[in-house]
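Open the model in your viewer and keep the selection tool ready.

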Amino acid sequence: MSIQVLKTLGEGRRYMKTWPMVRQLSFYFPEYRVMRATKLALPLMPLLAILAAASQLYLHGWSYLPQAITIALFFISLPIQGLLWLGWRSRHPLPLSLLDWGNQLSAKLIQMGVNCRPLGAKACYFDMALILKAAFERLDASYWEEL
């Protein structure tokens, strides 16, 4: 495995910890669904991999060892795929519409006295996650109901 893949996995985990897990954002961003699935898959898929491989070997014998290994690797790869996507997404540049909305949100936070910087021209989704996390901690619920 290359170092770049490991860095992407680490960025995906960091992005998953930073992104606010709020249901209102699920209508606008796929991160909510991917993160929920990845968080569920991280502890569950190794167990399912062992059960699936063991059941193949139990039902069909040792002659099905390659198929059992393939099934186990598939189950183990599911949370890794989620983390890889999240790591890729965290570095992905923001579209202009989100850049404008993020700058409006950071301006509102700065008016409230929260220390956050506006999004620059090369902002990515991780920068947006930092602003959203600060906004959900500081802004009242009425602001989010207007979305």
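**The core**

Start with the largest nonpolar core, which has 31 residues. Select Tyr15, Trp19, Phe29, Leu94, Leu109, Met128 and Leu132, the members with the most contacts inside it. Such a core joins buried Ala, Val, Leu, Ile, Met, Phe, Trp, Tyr and Cys residues through side-chain atoms within 4.5 Å; buried means under 20% relative accessible area with a 1.4 Å probe, protein chains only. Now colour α1, α3 (65–91), α4 (96–111) and α5 (125–138): each supplies at least two residues of this core. Helix α5 gives the most, nine residues. Helices are DSSP runs of H or I, at least four residues, numbered from the N terminus.

This is a predicted model: local features need pLDDT of at least 70, side-chain atom pairs count only at pLDDT 80 or more, and totals for chains, interfaces and linings use all residues. Residues are numbered from 1 along each chain as its sequence is written, and side-chain values use heavy atoms, leaving out hydrogens and water.

**Tryptophan 19**

Which residues does tryptophan 19 touch? Beyond four places away in sequence, select Leu25, Phe29, Glu31, Tyr32, Met35, Tyr125, Ala129 and Leu132. Contact means heavy atoms within 4.5 Å.

**Threonine 8**

Move to threonine 8 in helix α1 (residues 3–18). Threonine 8 counts as buried because its relative accessibility is 8%. Its side chain reaches the backbone oxygen of glutamine 4 at 2.8 Å. Leaving out residues up to four places away in sequence, threonine 8 touches Leu83, Leu84, Gly87, Trp88 and Arg91.

Technical notes
Buried < 20%, exposed > 50% of the residue type's maximum accessible area, 1.4 Å probe, protein only. Polar contact = N/O pair within 3.5 Å; in protein donor to acceptor, adjacent residues only side chain to side chain.
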